[in-house]
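Thanks, everyone, for making time this morning. I would like to walk you through one structure, a few elements at a time, and I will give the cut-offs as the terms come up.

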Amino acid sequence: MTQKHLTAVALALFVTLLWSSSWVLIKWGLVDIAPLPFAGLRYGLAALLLLPIALTPSNRKRLAECGRKRWALLLAFGLLQYAVTQACQFMAMSMLPATTLSLMLAFTPALVAILGVVLLGERLGWREMLGIGVFLAGSGLYFASKALPTGAAIGLAIGAVGVLANAGQNLLGRKVNRDIGLPPSLVTAVSMAAGAAALLGGGVALQGWPEMTPKGWLIVGWLAAANTALAFWLWNRAQAVLSALEASLINNTMLIQIAVLAVLFLGERLTAPQIGGLVLAGGGVLFVQLARVRTHAVPKRATATA
């Protein structure tokens, strides 16, 4: 393995750690900030930081040459990825333990595989079906031994909608990155700006402008600058070197990372059966990802879950 390759692996692992730490920071921020304005502020500030990417002469020319169909795809992708998916995740996180929601979102690759069969006419191989079965078994073990807080049913329902939206934006993202003819960094900048505007506007309309404390601004600012803008840029750099298989393997470590961070910083407790369920579910997701990497090219773009 070359030094360049080792650097890319280290960058990708660092990005997954940043994304995993987002769950802790969001939980802390939700104590004082309503979920929807919180999400809108995070991605709105991140979009402003990424705006210079869209304003370079070459990228302005690319955007000017986009027809209505490509603009519609780009905006729809931004609305689904940020306005819908992140709204659901922040709302669900205000009601559920971080580990529980991360386990639900870990089902996304399996759901993408299933939706690919239904919507795109793709085939589901035996490896993918085995991986889905293993994930469901691990999830069953986790939830069977996990006492959820009062009112968690609403959080689970919102989380389920978030999982569907996340799977949908993955499928749409494949089409956007394949057909739209724009570099991933520009797709990220424009789609995030569109989604963040809708998310912030809708969040303020529904839940009002939050009374921000210095701590709240620090959390929002760090999430926007480090865990979003910087992380997306670093991920794109790493993806230019890593194979799709390597990226999938590294991204799959987030389920365990989030669980460990939730225990250390959020006071969540995991029993032996719950840990076993998480490991089993993570193995199932990994098996699905490995199977899909064998037959599909993974778009080289960031797919943050928080």
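Let me start with accessibility: a residue is called buried when its relative accessible area is under 20%, exposed when it is over 50%, and partly exposed in between, with a 1.4 Å probe and protein chains only. Please keep in mind that this is a predicted model, in which local features need pLDDT of at least 70 and side-chain atom pairs count only at pLDDT 80 or more, while totals for chains, interfaces and linings use all residues. Residues are numbered from 1 along each chain as its sequence is written, and side-chain values use heavy atoms, with hydrogens and water left out.

With that in place, Gln274 counts as buried because its relative accessibility is 4%. Gln274 belongs to helix H13, residues 272-295, where helices are DSSP runs of H or I with at least four residues, numbered from the N terminus. The side chain of Gln274 comes to 2.4 Å from the backbone oxygen of Ser145. Contact here means heavy atoms within 4.5 Å, and, leaving aside neighbours within four places in sequence, Gln274 is in contact with Tyr142, Ser145, Lys146 and Arg269.

A polar atom of the Lys27 side chain does, however, lie 2.5 Å from the backbone oxygen of Leu96. Not counting residues up to four places away in sequence, Lys27 touches Met93, Leu96, Pro97, Ala98 and Leu266.

One joins the side chains of Lys175 and Asp179 at 3.1 Å, N to O, and both residues lie in helix H8, residues 152-179, 4 residues apart, or about one turn of the helix. The other pairs Arg178 with Asp179, also with an N to O distance of 3.1 Å. Through shared partners, Lys175, Arg178 and Asp179 form one network. Arg178 is exposed, since its relative accessible area is 58%, whereas Lys175 is partly exposed at 32% and Asp179 is partly exposed at 38%.

Turning to helix geometry, the expected span is 1.5 Å times one less than the number of residues. Helix H2, residues 35-54, has 20 residues and should therefore span 28 Å, which agrees with the 28 Å between its end C-alpha atoms.

Helix H4, residues 68-93, has 26 residues and reaches 36 Å from first to last C-alpha, close to the 38 Å expected. The kink in H4 is about 25° and is centred on Thr85.

How values were computed
A polar contact is a pair of N or O atoms within 3.5 Å; within protein, one must be able to donate a hydrogen and the other to accept it, and residues adjacent in sequence count only if both atoms are side-chain atoms. Helices (H or I, at least four residues) and strands (E, at least two) are DSSP runs, numbered from the N terminus. The bend at a residue is the angle between axes fitted to the seven residues ending there and the seven starting there. A salt bridge is a side-chain nitrogen of Lys or Arg within 4 Å of a carboxyl oxygen of Asp or Glu.
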